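Please walk through the structure shown here, element by element.

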Amino acid sequence: MESAVENIVIVGAGIAGLATSLALHRLGVRSLVLEYSDSLRVSGFALTTWTNAWKALDALGVGDILRHQHIQLKQNVTTSLSMGQQTSSLCLMAPGKHGDYEVRCVRRQLMIEALAKELPSGTIRFSSKVVAIQDSGFFKILHLADGTTIKTKVLIGCDGINSMVAKWLGFREASFSGRFVIRGDIKLMNNHGLQHNFMHFFGKGFRFGILPCDDKTVYWFFTWTPTIEEKELVNNPEKMKQLVLNKFEKMPSDVKCFIEKTQAEDILTSPLRYRRHWELVLGNISKGNVCVVGDAFHPMAPDLGQGACCSLEDGIVLGRYLAQAFSRTKHAKEIEEKGEIEEQYKKIEASLRKYARDRRWRNIDISVTSFVLGLFLQGDLKLVAYVRDKVLPHFLAELLLKKSDFDCGKLNTSDEVGMI
């Protein structure tokens with residue numbers, strides 16, 4: 001069974017896919033989002049949403065919705081557990097090049113739902129797993145697990161770290177960094193009592209962060225390089241919880257209690273993977289009428305908290321360029337009759353090349369910085385720990401703000417775009 005020709009098909013209804021689809025929708029261009037699961041995937045707890053992400057969310061028209069659901073963080077407070085003292089405090093609300101800084105810990109479920117609710121009914125097709133991609137002249141044909149085939153003028157891979165579209169473009173599997181992250185989420189009946197700060201703690205070979213999402217929800221994370229014995233326990237949430245507690249002999253009790261109260265079902269452990277940096281430099285971000293966005297493009301270490309933020313940026317930039325290739329209101333049949341399919345293909349190809357050009361070096365910068373920062377912040381060598389804790393704590397905290405001081409721009413195009 002083959003469906004009608006689609007203008008744009010997006011594989012994956014995560015943050016990247018929904019943001020890209022919504023950007024196109026705001027510019028009057030329809031898209032179809034294919035999601036392999038039978039409903040929106042809302043796992044993952046929370047994510048640190050920095051200034052650059054709020055610029056993108058505002059461009060998409062959902063920024064204020066999420067602001068009303070999450071508190072703004074005031075300071076980044078860093079503590080060295082080996083020294084037993086606070087090493088830096090940095091204001092997260094200071095003026096930047098693109099307006100005041102803004103940082104909130106956003107629950108992933110609420111962001112996904114906010115983006116999805118703004119899309120027209122029928123945009124997302126669930127239970128639609130892509131199993132093969134086939135060339136067909138100026139089109140791509142997608143083969144789904146249920147036997148359906150879909151023909152599309154544009155294919156956008158937002159299918160995450162194990163992306164089939166990225167593999168089609170020639171990217172290898174994401175590399176394992178050697179580190180793992182344990183994430184926890186706790187929802188309380190009463191006010192948690194935490195100050196509205198992003199609290200960082202560094203110890204021997206590990207990094208811990210805890211931050212409030214709202215008045216009753218707290219998110220925490222723990223990154224470290226596990227031993228062989230610890231790797232065997234990563235699928236046991238209770239063991240992972242105990243591992244974190246064992247590392248925190250010097251942790252303040254008012255922080256430690258949130259780990260103790262976190263239920264096993266609210267703890268998730270996963271390996272930290274990243275795209276090889278030479279692949280980001282030389283790889284095909286786009287090829288013909290195919291491109292990748294978000295984790296399918298640039299899986300990265302979480303040490304700058306920029307993975308989802310950059311995915312939102314990607315969606316805005318891609319939507320802006322791609323809308324120009326669909327600036328005329330002709331339907332597919334009309335274009336075919338006038339022999340203009342090739343002309344539109346060239347416009348699509350040029351739009352995707354511009355997107356790849358704009359996003360390549362921004363994401364290389366963030367990915368490489370995050371990777372190096374992670375190695376440095378978690379280093380347990382005495383010299384590395386000394387420099388981190390005594391020489392550069394304020395500089396390292398400022399780096400988080402500096403990389404988020406970026407504006408991907410508004411959703412507008414110089415060409416007139418009709419709803420197509």
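**A tryptophan, its sheet and the helices**

Leaving aside neighbours within four places in sequence, Trp220 is in contact with Ile182, Arg183, Gly184, Asp185, Phe208, Gly209, Ile210, Val244, Phe258, Ile259, Thr262 and Ile267, where contact means heavy atoms within 4.5 Å. This is a predicted model, in which local features need pLDDT of at least 70 and side-chain atom pairs count only at pLDDT 80 or more, while totals for chains, interfaces and linings use all residues. Residues are numbered from 1 along each chain as its sequence is written, and side-chain values use heavy atoms, with hydrogens and water left out.

Trp220 belongs to strand β16 (residues 217-224); helices (H or I, at least four residues) and strands (E, at least two) are DSSP runs numbered from the N terminus. With a relative accessible area of 0%, Trp220 is buried (buried is under 20% relative accessible area, exposed over 50% and partly exposed in between, with a 1.4 Å probe and protein chains only). The side chains of Trp220 and Thr262 are joined by a polar contact of 3.0 Å. A polar contact is a pair of N or O atoms within 3.5 Å; within protein, one must be able to donate a hydrogen and the other to accept it, and residues adjacent in sequence count only if both atoms are side-chain atoms. Asp146 is 74 residues from Trp220 in sequence and 39 Å from Trp220 in space, C-alpha to C-alpha.

Which sheet holds β16? Seven strands form an open sheet with mixed pairing, in the order β5-β4-β14-β15-β16-β13-β17; two strands pair if DSSP finds at least two bridges between them. At the edges stand β5 (85-91) and β17, each with a single partner strand, so one side of each has no neighbour in the sheet. Neighbouring strands of this sheet are turned by 20 degrees against each other on average, direction ignored. Here and below, axes are lines fitted to C-alpha atoms, for helices over the stretch in contact, and angles run from 0 to 180 degrees between N-to-C directions.

Ser175 has Tyr274 in β17 as its bridge partner. Is strand β17 enclosed or open? Six of the eight residues of β17 (residues 267-274) are buried, so this strand is largely enclosed by the rest of the structure.

Elsewhere in the sheet, strand β14 (residues 197-203) and strand β15 (residues 206-212) pair in the antiparallel sense over five bridges, and His200 stands opposite Gly209 in β15. His200 is also among the residues touched by Thr78, together with Gln86, Thr87, Ser88 and Phe202, not counting residues up to four places away in sequence. Thr78 sits in strand β4 (residues 75-80) and is buried, at a relative accessible area of 7%. Its side chain makes a polar contact of 3.3 Å with the side chain of Asn76.

Two helices lie across the sheet. Helix α8 (residues 253-261) lies across β13, β14, β15 and β16, at about 90 degrees to β15.

Next come the helix pairs. The axes of helix α1 (residues 15-26) and helix α4 (residues 108-117) come within 9 Å and cross at roughly 25 degrees. These two helices are therefore roughly parallel, a label given to angles under 35 degrees, with over 145 counted as roughly antiparallel, 65 to 115 as roughly perpendicular and the rest as oblique. Helix α1 and helix α10 (residues 307-325) pack at about 30 degrees with their axes 8 Å apart, which makes α1 roughly parallel to α10. The residues making this contact include Ala16 and Ala23 of α1 and Gly315 and Gly319 of α10.

Finally, two polar residues. Asn52, in helix α2 (residues 51-60), is buried at a relative accessible area of 0%, and its side chain is joined to that of Gln306 by a polar contact of 2.7 Å. Asp358, in helix α12 (residues 341-377), is partly exposed at 34% relative accessible area. The side chain of Asp358 makes polar contacts with the side chains of Tyr321, at 2.6 Å, and Arg357, at 3.1 Å.
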